[in-house]
Amino acid sequence: MSNTKISQRNQNLLWAISGGRCEFEGCNRPLYEDILTRKRYNNAYIAHIVADSPDGPRGDVERSPLLADDINNLMLMCDNHHRLIDTNIEEYPEYRLLEMKRKHEDRIARVTAISPNMGTNIILYGANIGQHAAALSYDSACEALGEDYYPAEDHPIEIGFKNSEGRDSIDEYWSTEVNNLCAHMERRVLSHIRNGEPMHYSIFALAPQPLLIKLGTLLNDMHNVRVYQKHREPNTWRWLNDSETLQYELRTPENYDGIPVMVIGLSATITHDRIIEVLGGDVSIWHISIPSPNNDCMKNEQSLVEFRGLVRYAMDTIKTHHGCRELHIFPAMPVSAAIEFGRVWMPKADMPLVIYDQNKERGGFYKTITIE
């Protein structure tokens, strides 16, 4: 809605720097279309931080006339939030509104500065973990892209079963989920890659670790892929690259005569007696760990890069000692690490993988899928 005290120049400028969206913190509603019908029309209100009259909200005898047509004193808002800030003056003082305006316009400036060739296709992959369905949000994925990429499409590529009743304690669950994953990936992703379409993919996944590893093998490290990690604290998918990089340790077995086993204990501690309970005592255990395993350890991308490098070294070294026998994998790692573990594996050069999963209903680790 226009305001006669505001010049057309500043109205146009405000629309530009706000991105045509409500600047109230957490709203971000587009103000150029109806949210339900998508019909295009102007439903914006231009709000004064300091009112344009002394007796208005946050008004001032001297400053109101001076700031009436000052772009730094104007915010683009939806009707609800325009009314809210003008009827709750104590809750929304001048300094708080200025901070909202600054953060919103800074974000719009960063996003619109992204290079046009930095589009990415968002892949959402979810599968039931125990009794829990995966909760994946396209909006949360878009937020995590930050200033590095922008969504190439206005909808994600979803490759998981919806409303599945499958449970990961049942043997049939794994073959059904693997078949579904491979079929969806072939139709919606891999066929486009083989056709030479230059695409970038951003992966957001929540699923049992054997399936995440399988997903990684389908999108190996020859493809242009960025994998994201769901953090618990703070609750975001955005990489926290100012956090401390993980320090990994690779422990080698005492002898190389037994069944080759790789244990990845990043999100939880896996003791060797749990492996022996499944495979017997004739095992050669290679163990990747960190000093304090926890389920929120993978905070920054550099930690993921170094994990990839260590896994690649470990696979080469294990093959040197054990040949092309099956390598038994016992994983406890973040989702991003599980996917990257699969992406590192090379089908023509590396050992076949037999992947186990920890399940309370099955009383511990049990064999799930084999990747040849």
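**Notebook: cysteines, cores, helices and loops**

I looked for disulfides first, taking a disulfide as a pair of cysteine sulfur atoms within 2.5 Å, and by this rule the count comes to zero. The model I am reading is predicted, so I note that local features need pLDDT of at least 70 and side-chain atom pairs count only at pLDDT 80 or more, while totals for chains, interfaces and linings use all residues. Residues are numbered from 1 along each chain as its sequence is written, and side-chain values use heavy atoms, with hydrogens and water left out.

**Cysteines.** I checked Cys22, whose sulfur has its closest cysteine sulfur in Cys27, at 3.7 Å, which is too far for a bond. For burial I used relative accessible area, with buried meaning under 20%, exposed over 50% and partly exposed in between (1.4 Å probe, protein chains only). Cys22 is buried at 0%, and Cys297 is buried too, at 7%.

**Cores.** I then looked up the nonpolar cores, each a set of buried Ala, Val, Leu, Ile, Met, Phe, Trp, Tyr and Cys residues joined through side-chain atoms within 4.5 Å. The largest has 69 residues, and those touching the most other members are Tyr125, Ile203, Met262, Leu266, Phe307 and Phe341. I followed Phe307 and, leaving aside residues up to four places away in sequence, found it in contact with Tyr248, Ile264, Leu266, Ile288, Met333, Ala337 and Phe341; contact here means heavy atoms within 4.5 Å. Apart from this core lies another, of 19 residues, among them Leu76, Met77, Ile85 and Tyr92. As background, nonpolar side chains tend to be buried together in soluble globular proteins.

**Helices.** Helix α1 (residues 8-18) packs against helix α4 (residues 94-112) at an angle of about 70°, with the axes 8 Å apart. That makes α1 roughly perpendicular to α4, since 65 to 115 degrees counts as roughly perpendicular, under 35 as roughly parallel, over 145 as roughly antiparallel and the rest as oblique. The axes are lines fitted to C-alpha atoms, for helices over the stretch in contact, and the angles run from 0 to 180 degrees between N-to-C directions. On the α1 side the contact is made by Leu14, Ala16, Ile17 and Ser18, and on the α4 side by Lys101, His104, Glu105 and Ile108. I also looked at helix α7 (residues 209-218), which is mostly covered, with ten of its ten residues buried; including Lys214 and Gln209.

**Loop between α1 and β1.** Tyr32 lies in the loop between α1 and β1 (45-48) and is partly exposed, with a relative accessible area of 30%. Not counting residues up to four places away in sequence, Tyr32 touches Trp15, Gly19, Gly20, Arg21, Lys39, Arg40, Tyr41 and Asn43. Asn28 is also found in the loop between α1 and β1, and I noted its positive phi of about 65° although it is not a glycine; at 25% relative accessibility, Asn28 counts as partly exposed.

**Other backbone notes.** Arg58, in the loop between β1 and α2 (63-67), has a positive phi of about 60° although it is not a glycine, and Arg58 is buried, at 13% relative accessible area. Lastly, I found a cis peptide bond joining Glu233 and Pro234, with omega about -5°; Pro234 sits in the loop between β7 (225-227) and β8 (249-251).

Terms used: Helix = DSSP H or I, 4+ residues; strand = E, 2+ residues; numbered from the N terminus.
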